[in-house]
Amino acid sequence: MKNNILKPLIAVLLIAFVSLQINAQKDQTISKKLKWSERMALSIMMQHKESYMIDDATTPKWDYVHGLVLTSFDELNKKHPNQKYSAYSKTYVDKLVQEDGTIDTYKLDTYNIDMVVAGRLLFDLYATTKEAKYLSALQTLRKQIEEQPRTASGGFWHKKIYPNQMWLDGLYMGEPFYAQYTVTFEDGKNLDDIAKQFELIQKNARDSKTGLFYHGWDESKQMPWANKTTGTSPNFWSRSLGWYAMALVDVLDYFPKDHPKQKELVSYLNQLANTLVKFQDKSGLWYQVTDKGAVGGNYLEASGTAMFTYAFAKAVNKGYLPKKFKTAAKKAFSGMTKHLIKVGKNGEVTITQACAVAGLGGNPYRDGSFEYYVNERKKDNDPKATGPFILAALELNK
């Protein structure tokens, strides 16, 4: 008798469970009718249920990749307002920034300029909430900028453990935050100092033959990877050039047109863009080692391509670059969606062929050789590709 009662009940519960699973699966399906910007953002949210899990982090940490990706979420929310996008970004900040304004896992005394960029997430939060903790965290990061060790000529060291070195990456990590802070809270008094960082890179890291920029510059010329005459590293890495391009276009948001250095920065952007298009592959993409083409294991790489696409498109939209660069950006975006993007059964988007990480020096030692760059591991949906992909899609209205 008991079994006769239980069997129909179990059947009903099983049907209910299957129905819930089907509905849950439907809820997680990403429509192909959405723009690429939202499709990528929703894919990130599907892959990483909480924003601190970006880059497969298992515990919350203050980090540049989170700053990059969540900046793209903030920009997405401005163009396609949705509470889930803003909440995804805010929950990351609120896990790390405590009520007294201290930032968990952040260590000021390492003077790692990578740790500044996530501070960009704080400006709008403070502006909209006026919560003191956000202002305090902003001030802490500004203190790092104030105390950051510098080369003898005035350029920010990339990290305390990398003395006398400027890397292209560092311009994106520090300068957009520094520019927004000085304009927001200091009446723009330090814009000249920000321009100087770009001037030093233009003077010391640019190759006169190709017009490209080397990944790093050691003013002391002491590092084993440094050219003994110029101090530059040996090769051109597309992502480092992408960081530099994004730094220029984002910093210009805070330079008034009548500022003496504004035209100078725009000229740097034009020089860089005119150089980069010479190395754009017929597919629309750029190679990992920018100038070496399809030789010796070199490959068409996602993050550098996405960064260039964003920088070109935004620069045209802002009037810094001629319209022909929008055509180059569209070609690059089309190349990414055709050659690098995979779409899963639930509509989730994956961008492939992204270099996971690359640097100079350190332990184990990284020599900046061609072989080094092309043999670093690749990672699908690496945040250095997904964030710029969203930003590029927004600028292109894709």
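Student: Which side chain of opposite charge is nearest to D207, and how many Å away is it?

Tutor: This is a predicted model, in which local features need pLDDT of at least 70 and side-chain atom pairs count only at pLDDT 80 or more, while totals for chains, interfaces and linings use all residues. Residues are numbered from 1 along each chain as its sequence is written, and side-chain values use heavy atoms, leaving out hydrogens and water. D207 is buried (under 20% relative accessible area, with exposed over 50% and partly exposed in between, for a 1.4 Å probe and protein chains only). With Lys and Arg counted as positive, Asp and Glu as negative, and His and the chain ends not counted, D207 has no salt bridge (a side-chain nitrogen of Lys or Arg within 4 Å of a carboxyl oxygen of Asp or Glu), and the nearest side chain of opposite charge is K209, at 7.1 Å.

Student: Where is D207 placed, and which residues is it in contact with beyond four places in sequence?

Tutor: D207 lies in the loop between α8 (191–204) and β2 (216–218); helices (H or I, at least four residues) and strands (E, at least two) are DSSP runs numbered from the N terminus. Contact means heavy atoms within 4.5 Å. Leaving aside neighbours within four places in sequence, D207 is in contact with L212, Y214 and F236.

Student: Which residues have the most contacts inside the largest nonpolar core?

Tutor: A nonpolar core is a set of buried Ala, Val, Leu, Ile, Met, Phe, Trp, Tyr and Cys residues joined through side-chain atoms within 4.5 Å. The largest one has 120 residues, and its largest share, 10 residues, comes from helix α11 (residues 302–318). Those with the most contacts inside this core are W62, F73, F198 and Y244.

Student: Is G231 buried or exposed, and what is its relative accessible area?

Tutor: G231 is found in the loop between β2 and α9 (238–251). Beyond four places in sequence, G231 touches G216, W217, D218, K221, W225 and A226. G231 counts as buried because its relative accessible area is 0%.

Student: What is the phi of D187?

Tutor: Most residues other than glycine have a negative phi. D187, in the loop between α7 (168–185) and α8, is exposed, with 80% relative accessibility. Its phi is positive although D187 is not a glycine, with a value near 55°.

Student: What is the omega of the peptide bond from N363 to P364?

Tutor: P364 is found in the loop between β6 (349–351) and α13 (370–375). The bond from N363 to P364 is cis, with omega near 5°.
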